[in-house]
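Visitor: I have a model open and would like to go through it with you. Could we take it piece by piece?

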Amino acid sequence: MGAGGIGTLLPNLAGAQNMTTTAPQIRASMTGGREPKPLPFDAAKLNGLSEKLIRSHWENNYIGSVKALNMISERMAVAMKDPDLPPVVYGGLKREELHRVGSVILHEHYFGNLGGDGKAAGDVLSAIKQAFGSYDAWETEFRRTAMALAGGSGWCVLTYNLYTYELRNQWAWDHMHGAIAGIPLLALDMYEHSFHMDFGATAAKYVDAFMRNVNWQEVDRRFQGVVIHTAG
Ligand SMILES: [Fe+2]
């Protein structure tokens with residue numbers, strides 16, 4: 001989808017014409033103190049994803065990354081006070097920073113886009129149809145991209161790119177992969193920790209369960225947010 005495709009959607013965006021924006025508060029990068037976000041749904045009520053799996057994933061992997069990012073951020077600040085620290089040593093901290101920032105962002109999107117009924121709707125559905133021809137064509141490619149990561153690790157992410165104005169299903173084999181300017185709309189964790197407890201190695205059944213629980217209202221909210229920002 002090019003810019004023209006998005007343009008045809010804009011008149012349908014409720015409130016887009018009159019929306020006023022305020023500059024976000026910029027937080028300090030090299031400090032700790034980040035707080036994990038709570039699960040936005042009742043973990044006991046997902047359809048086919050167990051509470052034990054979701055809580056283990058949220059507590060161990062997501063919160064683990066928030067804590068690690070806080071620790072790395074604090075250590076970078078300390079390291080920068082040492083003028084003799086070799087850059088190659090600092091590079092280890094920067095690599096871990098990139099890894100953990102990606103993990104926190106992607107996990108917050110993942111848990112944020114669960115808890116729904118799996119029924120695609122809204123302007124994002126119209127955009128998907130424009131970009132892929134039909135919802136089914138999009139879902140087929142999304143599932144195939146996800147399954148390309150089965151048995152290993154990574155993320156399958158529907159993104160809207162602020163530079164190319166395209167919707168793409170993005171393949172990412174770790175937390176650090178992703179085309180520059182691709183904003184996540186729908187994130188599917190394909191690391192084994194996200195499904196092995198419930199599904200063993202049968203990743204396809206996990207993807208089925210994920211699709212049944214997608215919160216498309218949240219996906220649409222994300223889409224409207226990024227489109228409005230690129231409309232001006
Ligand atoms: Fe994960």
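**Helix 7 and beyond**

Guide: In helix 7 (residues 203-212), the buried residues are Ala203, Tyr206, Val207, Ala209 and Phe210, where buried means that 20 or more other C-beta atoms lie within 10 Å of a residue's own, exposed means 12 or fewer, and partly exposed is in between, with C-beta atoms placed from the backbone. Their arc around the axis is only 160°, which puts them on the same side of helix 7, the arc being that of the directions from the helix axis to the C-beta atoms. This is a predicted model, in which local features need pLDDT of at least 70 and side-chain atom pairs count only at pLDDT 80 or more, while totals for chains, interfaces and linings use all residues. Residues are numbered from 1 along each chain as its sequence is written.

Visitor: What do the buried residues of helix 7 pack against?

Guide: They pack against helix 5 (135-147), strand 3 (182-189) and helix 6 (196-199); contact requires C-beta atoms, placed from the backbone, within 7 Å. Helices (H or I, at least four residues) and strands (E, at least two) are DSSP runs, numbered from the N terminus.

Visitor: How do helix 4 and helix 5 cross?

Guide: The axes of helix 4 (residues 123-132) and helix 5 come within 8 Å and cross at roughly 80°, with axes fitted as lines to C-alpha atoms, for helices over the stretch in contact, and angles running from 0 to 180 degrees between N-to-C directions. The two helices are therefore roughly perpendicular to each other, a label for angles of 65 to 115 degrees.

Visitor: Which residues meet there?

Guide: Leu125, Ile128, Lys129 and Phe132 in helix 4 meet Tyr135, Ala137, Trp138 and Glu141 in helix 5.

Visitor: Switching to the sheet, what is the strand order?

Guide: The order is 2-1-3 in an open sheet of 3 strands with antiparallel pairing, where two strands pair if DSSP finds at least two bridges between them. Strand 2 and strand 3 stand at the edges with a single partner strand each, so one side of each has no neighbour in the sheet.

Visitor: How many bridges join strand 1 to strand 2?

Guide: There are 6 bridges, and Trp155 stands opposite Ala172 in strand 2.

Visitor: And what is the phi of Tyr165?

Guide: Tyr165 has a positive phi of about 60° although it is not a glycine, whereas most residues other than glycine have a negative phi. Tyr165 lies in the loop between strand 1 (155-161) and strand 2 (167-172), and with 18 C-beta neighbours inside 10 Å, Tyr165 counts as partly exposed.

How values were computed. Two residues are in contact if their C-beta atoms, placed from the backbone, lie within 7 Å. Angles under 35 degrees count as roughly parallel, over 145 as roughly antiparallel, 65 to 115 as roughly perpendicular and the rest as oblique.
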